[in-house]
Amino acid sequence: MQFFLLAEINKILRPPTKYFAVDSFPLPACHKARSYRCKLYQGRQFLGYCKSKKLNFFGLKVHIVVNEHGVLC
C-alpha cells in the first residue's frame with residue numbers, strides 16, 4: 001500500500017516527458033588479475049570489456065536511464 005501511494009505521488013510531481021537518455025559504465029569489483037579471490041562476485045559472467053575505455057574489468061555494468069529533466073527513471 002505504501003509503495004502504491006508513493007508511485008501515485010511520483011506520477012503527480014514528475015513532469016511528463018518524451019525524451020530519455022541511456023548510459024552505461026563499468027563498475028569494477030576488483031582487478032581482473034585478482035578476480036579468482038573476489039568473494040563478492042564469482043564466475044565468468046562478471047568478466048567484461050568496456051570498448052570505449054579499452055578496459056577489461058571484473059564486476060558489473062551499470063545502465064542508467066534519465067529523462068530530459070535529469071531525473072532517474
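Hi everyone, let's start at Lys61, which sits in strand E3, residues 55-67. Strands here are DSSP runs of at least two residues (E), numbered from the N terminus. This is a predicted model, where local features need pLDDT of at least 70, side-chain atom pairs count only at pLDDT 80 or more, and totals for chains, interfaces and linings use all residues. Residues are numbered from 1 along each chain as its sequence is written, and side-chain values use heavy atoms, with hydrogens and water left out.

Setting aside neighbours within four places in sequence, Lys61 is in contact with Ser24, Phe25, Pro26 and Tyr49, where contact means heavy atoms within 4.5 Å. Its C-alpha atom is 8.8 Å from that of Phe46, 15 residues apart along the chain.

Phe46 takes us to the rings. Rings of Phe, Tyr and Trp (its six-membered ring) pair if their centres lie within 6.5 Å; planes under 30 degrees apart are stacked, over 60 edge-to-face, and the rest tilted. That rule gives 2 aromatic pairs. One of them is Tyr41 with Phe46, tilted, with 4.8 Å between centres and 40° between planes. Phe46 and Phe58 have centres 6.4 Å apart and planes at 65°, so that pair is edge-to-face. Because Phe46 lies in the loop between strand E1 (20-30) and strand E2 (47-50), and Phe58 in strand E3, the pair ties together parts 12 residues apart in sequence.

Tyr41 is buried at 19%, and Phe46 is buried at 18%. Together, ring pairs link Tyr41, Phe46 and Phe58 into a cluster. Thanks, everyone!

Methods
Helices (H or I, at least four residues) and strands (E, at least two) are DSSP runs, numbered from the N terminus. Buried means under 20% relative accessible area, exposed over 50%, partly exposed in between (1.4 Å probe, protein chains only).
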